[in-house]
Each structure stands twice: as structure tokens, then as C-alpha cells.
Amino acid sequence: MDLFDDLPLLTDGALTQIAPGAVLLHGFVREADADLLQTTRSVVAQAPLRHWQTPGGYTMSVAMSNCGALGWVSDPNGYRYAALDPVSKLPWPAMPACLLDLAQRAAAQAGYPHFQPDACLINEYVPGAKLSMHQDKDENDLRAPIVSLSMGLPAVFLFGTPSRKDRPQRYRLVHGDVVVWGGPSRLAYHGVAALADGDHRLLGRRRLNLTFRCVGSA
Ligand SMILES: O=C(O)CCC(=O)C(=O)O
């Protein structure tokens, strides 16, 4: 059985409310996807993807980089945002205007106007890579939503509630989909199941995810 047989397929332009304050914008990026990818490639050419160590001593299966004023980093001392890339000791590349514009348009469509992200985490998944259930809670400003763009191979996104005890729902995310969550779902637990193998027309055997956040000042 195909991994996704039990998940509904929706058409571009459709919007699914996945939880209070949380929506999936199907096919939000229908055009200019190659340009967005090229822009992302130029960011990771400056700040290469790398596998962070977790505070528990594990190496993450997802490779990560950042652009924007602040970047999410992890090492045995903990998770945090940093203005400098700890590998190069340089500031993260600036957030390209087309990425900022995409994040702001998606947030507005989901009911969050005035979104001003200062951090964009770039996640690269290869087959088998996954992200365990977690909350995004390292940001100082929890009023702003999270905006998350999927490109490349499809993935199963797990989205729960702010309570770890609640069983998450599963959503199929394909190239061009955007998920936005905030308000009562801002601290919802979420994760990504192990990526199934495949061959995407632009990204081959990979999935890229761009997660925009407003970290804000304390
Ligand atoms: O890859 C995704 O779709 C989600 C990424 C995510 O949950 C995160 O970066 O916190």
C-alpha cells in the first residue's frame, strides 16, 4: 500500500483548516518554484546545510541552515537562536526578498497580517530523515505565527495540539504546500514522519522545508 493512500489529496488553491488558528494552503507556490529553489540554493551556498547535535547527544537526521537576522542552532548546550553561524562565525545570509514576500503572503492568507519574520530555518530531508514531535518555543514572540513551505518529495506532517498527550493528525504535504499555525495552535506539537524515497522533478531524492518565524526580542 502507498504510504499516502489513506490521506486525502486536495487541489492547488484549496485551504484546509487543520486546527484552530492553523491552516494548510495547498499548492500555495504554483509558479516561481524554480526561482524559490534557486534562491534557497544561493543561501545554502553561503551557509551550508549541516546536521546539528541535539542536547541529548544525537545527530539530527535533518540537515539545517538559516537565513535572516537570527538562525536556529542546536548543540550539546541546548537549542537557541544565534545571530552568527557557529560554523563560519559569520552572520547568516540575509533573508531574500522573495522568501520574505512568500511568507508574508501566506501568513496574510491564513489570517495573520503584518507577519515580520526575522528567522528562516532551512530543513533538508533525504529518504529516512525525520523530525520528532516538538513545539516551536524558542521564540520570544509567541503572538506571531509559524509559516512552513514544503518543496521536493512529499512528506507526512504530524500536527497535534499544545498537549503532548493528544494524538497528532497526519497531513500529506507536497511541493508548494504551505502550513501556517498560530494563535491557539502556536505551541502545537508537530513533526515529520520518516521521508519516503522518491524522485522529484526539481529536487530529486530530497525534500526542502523553509520555516519562517518571528523570534523577536525578549
Ligand atoms: O519540515 C517540516 O515540514 C516541519 C519543520 C519543523 O517542524 C520545524 O522546523 O520546526
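Which polar side-chain atom lies 2.5 Å from an oxygen atom of the ligand? That atom belongs to Tyr125, with polar contacts taken as pairs of N or O atoms within 3.5 Å; within protein, one atom must be able to donate a hydrogen and the other to accept it, and residues adjacent in sequence count only if both atoms are side-chain atoms. The model is a predicted one, in which local features need pLDDT of at least 70 and side-chain atom pairs count only at pLDDT 80 or more, while totals for chains, interfaces and linings use all residues. Residues are numbered from 1 along each chain as its sequence is written, and side-chain values use heavy atoms, with hydrogens and water left out.

In total, 13 residues surround the ligand, and the closest are Tyr125, His134, His190, Arg207 and Arg213; a residue is near a molecule or strand if one of its heavy atoms lies within 4 Å of it.

Next comes Val126, which sits in the loop between β6 (119–125) and β7 (131–134). Helices (H or I, at least four residues) and strands (E, at least two) are DSSP runs, numbered from the N terminus. Val126 counts as partly exposed because its relative accessibility is 37%, where buried means under 20%, exposed over 50% and partly exposed in between (1.4 Å probe, protein chains only). Leaving aside residues up to four places away in sequence, Val126 touches Leu195, Arg205 and Arg206, with contact meaning heavy atoms within 4.5 Å. The C-alpha atoms of Val126 and Arg207 are 6.5 Å apart, although 81 residues separate the two along the chain.

As for the sheets, two strands pair if DSSP finds at least two bridges between them. Seven strands make up an open, antiparallel sheet in the order β1-β2-β11-β8-β13-β6-β3. Its edge strands, β1 and β3 (63–67), each pair on one side only. On average, neighbouring strands here are turned by 20° against each other, direction ignored. Helix α1 (residues 33–46) packs on this sheet, touching β3, β6, β8 (146–152) and β13 (207–213), and its direction makes about 100° with that of β8 (axes are lines fitted to C-alpha atoms, for helices over the stretch in contact, and angles run from 0 to 180 degrees between N-to-C directions).

At the β1 end, β1 (residues 15–19) and β2 (residues 22–25) run antiparallel and are joined by four bridges, with Gln17 partnered by Val23. Two residues separate these strands in a hairpin, and Gly21 in the turn has a positive phi of about 80°. On to β11 (residues 178–181): β2 pairs with this strand over four antiparallel bridges, and Ala22 stands opposite Trp181.

Two bridges join β7 to β12 (residues 190–192), and Leu131 stands opposite Val192.
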